[in-house]
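Student: Hi! I'm new to this one, can you walk me through some of its helices?
Tutor: Happy to, let's take a look together.

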Amino acid sequence: MSKEKTSESETHFGYRRVAADEKADLVRGVFDSVAERYDLMNDLMSGGIHRLWKRRTVSEAGARPGQCVLDLAGGTGDLAMSFAQQVGDKGHVVLADINAAMLRQGRRRMLDAGIIGKTSLALVNAEKLPFADGSFDLVTIAFGLRNVTDKEAALAAMFRVLKPGGKMLILEFSRPVEGLQPLYDLYSFRVLPLLGRLVAQDEDSYRYLAESIRMHPDQETLLAMMGDAGFERCRYVNLTGGIAALHIGYHL
């Protein structure tokens with residue numbers, strides 16, 4: 001896996017090279033297309049295992065009553081809803097995403113769950129967070145960092161909005177252990193696009209998602225990037241043989 005940025009003016013959109021200032025719109029188009037079937041496709045693609053990965057993330061986050069939490073690329077609100085229950089009436093959770101269609105799905109789910117009053121929605125770019133320094137006790141981003149054009153800028157922004165002593169968690173697809181790679185490649189480039197075509201009527205978007213995983217920094221590279229952004233006591237844990245990884249760092 002390689003770093004996303006290829007030059008000052010170009011980046012990768014999956015395996016394609018595109019102008020860096022075009023990627024956000026291209027990613028937005030992907031998630032506009034898949035938003036209504038996003039949760040169903042996640043369950044089909046992972047056999048429901050993504051729910052266990054998110055449960056591990058919530059557990060490691062350790063949100064407490066009264067805390068302020070920012071869930072970036074939060075989409076349909078899986079993590080945000082869990083955090084809202086944990087921080088209680090005196091806390092607050094911001095569900096943030098660059099994609100309005102995904103936020104609408106998240107808002108609908110939170111209304112159905114009766115917890116919309118404990119949360120707010122924010123249409124934001126992770127590279128340019130519109131929040132004051134030290135606003136949050138906890139920042140999370142699940143399956144979203146690989147879609148960010150300038151990951152270094154996003155990590156710096158996350159560090160900035162964390163309070164001293166705050167924690168950041170990144171849940172993302174990563175590099176599987178060697179023995180899993182051939183089967184994982186077969187699934188990613190044969191089965192996943194087929195599911196996209198049959199269920200979401202969108203083979204191309206799911207092919208992009210498979211490619212974006214391959215272009216995302218591997219576990220050790222991302223760990224080093226977190227340190228460069230100022231995070232301390234950084235570590236990661238592989239999930240399901242490294243198919244996903246949970247990275248954790250602190251603003252000390």
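Tutor: Let's start with helix α8, residues 203-215: its 13 residues reach 19 Å from first C-alpha to last, close to the 18 Å expected at 1.5 Å a residue. The expected span is 1.5 Å times one less than the number of residues, and helices are DSSP runs of H or I with at least four residues, numbered from the N terminus. This is a predicted model, where local features need pLDDT of at least 70, side-chain atom pairs count only at pLDDT 80 or more, and totals for chains, interfaces and linings use all residues. Residues are numbered from 1 along each chain as its sequence is written, and side-chain values use heavy atoms, leaving out hydrogens and water.

Student: Is α8 mostly covered or mostly open?
Tutor: Mostly covered: 10 of its 13 residues are buried, meaning under 20% relative accessible area with a 1.4 Å probe, protein chains only. Among them are Y206, L209 and I213.

Student: New topic: how far apart are the axes of α3 and α4?
Tutor: Those axes are 10 Å apart, and helix α3 (residues 49-61) packs with helix α4 (residues 78-87) at about 35°.

Notes: Helix = DSSP H or I, 4+ residues; strand = E, 2+ residues; numbered from the N terminus. Buried < 20%, exposed > 50% of the residue type's maximum accessible area, 1.4 Å probe, protein only. Axes fitted to C-alpha atoms, helices over the stretch in contact; angles between N-to-C directions.
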